[in-house]
2 protein chains.
Amino acid sequence: MEKQPHRNTKQRTALLELLRSTKSHPTAAWLHERLAGEIPGLSLATVYRNLSVLAMQGNLQIIRSRGDAEHFDAIASSHGHIVCEACDRVRDLDLPDGENWDREAAKASGYEVSSHQLIFFGICPACRKGSR
Amino acid sequence: MEKQPHRNTKQRTALLELLRSTKSHPTAAWLHERLAGEIPGLSLATVYRNLSVLAMQGNLQIIRSRGDAEHFDAIASSHGHIVCEACDRVRDLDLPDGENWDREAAKASGYEVSSHQLIFFGICPACRKGSR
DNA sequence: TTAGGTGCAAAACCTTTGCCATCCC
DNA sequence: GGGATGGCAAAGGTTTTGCACCTAA
């Protein structure tokens, strides 16, 4: 699964560390902004390029929800996400099972299945109260 | 769930019909191209606007997979999708259950859950053979 | 030394919007 | 008639790319 040779630049290392240290499923822009203090001159393009590499290495998952930008999640284990359609925030959500799905899907489809993604859409408690 | 007043213009009607008649989970561009013969002068903006309206009405589901563009699926029943990471095509995939998930997710999260989306990623048989 | 990585700026892309003419109800 | 729609073109935002200069290994 890991094919590319790769170097551990401070940019890539910092990116993965930051991603692993947060539970907020950030966007590329957020990561860039957050890292800019630590690594002056950091380019947004670098953030994207590294996110792409990390995704290929299986180190993170890309979440395309509603809203404009992609969200990124350092993978620990297979889990689902729930997105608030009002504030666009992403939260983790564990539902039982999900481990054998890839195998089942492969059997049912004839595909070589590598991963899956389960996303729920709704309104979070905070937004429901604020009725925003 | 349905809130907006709406008119049945030929553009919107044709769009929904086309979407319902195909199993290919098209992109907006594909729909536009396909409809251009039937409705000369049809604007891509109109396609997008109508897809948005139809989605709000619950007539279709938006699939954000890999690849750049969104794919659209006329909803019949709740089902999952499987995306080929090589050719980017989307196929339907029925996995058991899935009916109570929204309720379970709501209970587990405190959100007001309206829908969910399950997407598998892999390589389809055709692309595996072609090794493309 | 050298292939991969980075910054910067420009490009590419998809999607949305403003505006005004048009059409449905 | 009046408000929802459509067409067109321009804007908006995110992500990607080209290129020259670095830098980890």
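Which residues does F120(A) touch, not counting residues up to four places away in sequence? Within chain A, F120(A) meets H81(A), I82(A), V83(A), L93(A) and L95(A); across in chain B, F120(A) reaches W101(B), D102(B), A105(B), V113(B), S115(B) and H116(B). Contact here is heavy atoms within 4.5 Å.

This is a predicted model, with local features needing pLDDT of at least 70, side-chain atom pairs counting only at pLDDT 80 or more, and totals for chains, interfaces and linings using all residues. Residues are numbered from 1 along each chain as its sequence is written, chains are lettered from A in the order in which they are written, and side-chain values use heavy atoms, leaving out hydrogens and water.

Now for the sheet. It's an open one, with 6 strands in the order β4(A)-β3(A)-β5(A)-β5(B)-β3(B)-β4(B) and mixed pairing. (Strands are DSSP runs of E, at least two residues, and helices runs of H or I, at least four; two strands pair if DSSP finds at least two bridges between them.) At the edges sit β4 (90-93) of chain A and β4 (90-93) of chain B, each pairing on one side only. In the antiparallel pair β5(A) and β5(B), residues 112-123 of each chain, there are 11 bridges, and E112(A) stands opposite I123(B).

Helix α4 (residues 101-109) of chain B lies across β3 (80-84), β4 and β5 of chain A as well as β5 of chain B.

Methods. Axes fitted to C-alpha atoms, helices over the stretch in contact; angles between N-to-C directions.
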